[in-house]
Amino acid sequence: MQIIRVVYNCNTGEAKPRLTKDYHELPDTMQMDCLNDAIYDLEAIRKELHDKMYPKNEVKNDEFN
């Protein structure tokens, strides 16, 4: 079942979650569990992309130059 969709608005450049009817029909404890799972997975995806975009060996610190 799909409980959360992420919708990107090209005009504003923002992505927002949209909770489905199925989500709202779940008990509160399951809603919280689903949100926690989704946040954990999204943070892992974000970290992976961040590390790809900004590799540690390419970070320069002008303070020591």
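# Salt bridges and a buried glutamine

Visitor: How many salt bridges does a search of the whole structure find?
Guide: It finds 3 salt bridges. A salt bridge here is a side-chain nitrogen of Lys or Arg within 4 Å of a carboxyl oxygen of Asp or Glu. This is a predicted model, where local features need pLDDT of at least 70, side-chain atom pairs count only at pLDDT 80 or more, and totals for chains, interfaces and linings use all residues. Residues are numbered from 1 along each chain as its sequence is written, and side-chain values use heavy atoms, with hydrogens and water left out.

Visitor: Why can side chains pair at all?
Guide: Opposite charges can pair up when the charged atoms of the side chains come close.

Visitor: OK, which residue does Lys47 pair with?
Guide: Lys47 pairs with Asp51. Their closest N and O atoms are 2.7 Å apart.

Visitor: Where do Lys47 and Asp51 sit?
Guide: Both are in helix H2, 4 residues apart, so about one helical turn separates them. Helices are DSSP runs (H or I, at least four residues), strands are DSSP runs too (E, at least two), and both are numbered from the N terminus.

Visitor: What about Glu25 and Lys21?
Guide: Their side chains meet in a salt bridge, 3.7 Å from N to O. Both lie in helix H1, residues 21–25. They are 4 residues apart, about one turn of the helix.

Visitor: Are Glu25 and Lys21 buried or exposed?
Guide: Glu25 and Lys21 are both exposed. Exposed means over 50% relative accessible area, buried means under 20%, and partly exposed is in between (1.4 Å probe, protein chains only).

Visitor: And which residue does Lys16 bridge to?
Guide: Lys16 bridges to Glu14, with the closest N and O atoms 4.0 Å apart. Lys16 has 40% relative accessibility, so it counts as partly exposed. Glu14 is at 41%, so Glu14 counts as partly exposed too.

Visitor: New topic. Where is Gln31?
Guide: Gln31 is in helix H2, which covers residues 28–53.

Visitor: Is Gln31 buried or exposed?
Guide: Gln31 has a relative accessible area of 13%, so it is buried.

Visitor: What is Gln31 in contact with?
Guide: Leaving aside neighbours within four places in sequence, Gln31 is in contact with Tyr23, His24 and Leu26. Contact means heavy atoms within 4.5 Å.

Visitor: Last one. What pattern does the protein chain follow?
Guide: Along the sequence, the pattern is β-β-α-α. That comes to 2 helices and 2 strands. The protein chain has 65 residues, and 8% of them count as buried.
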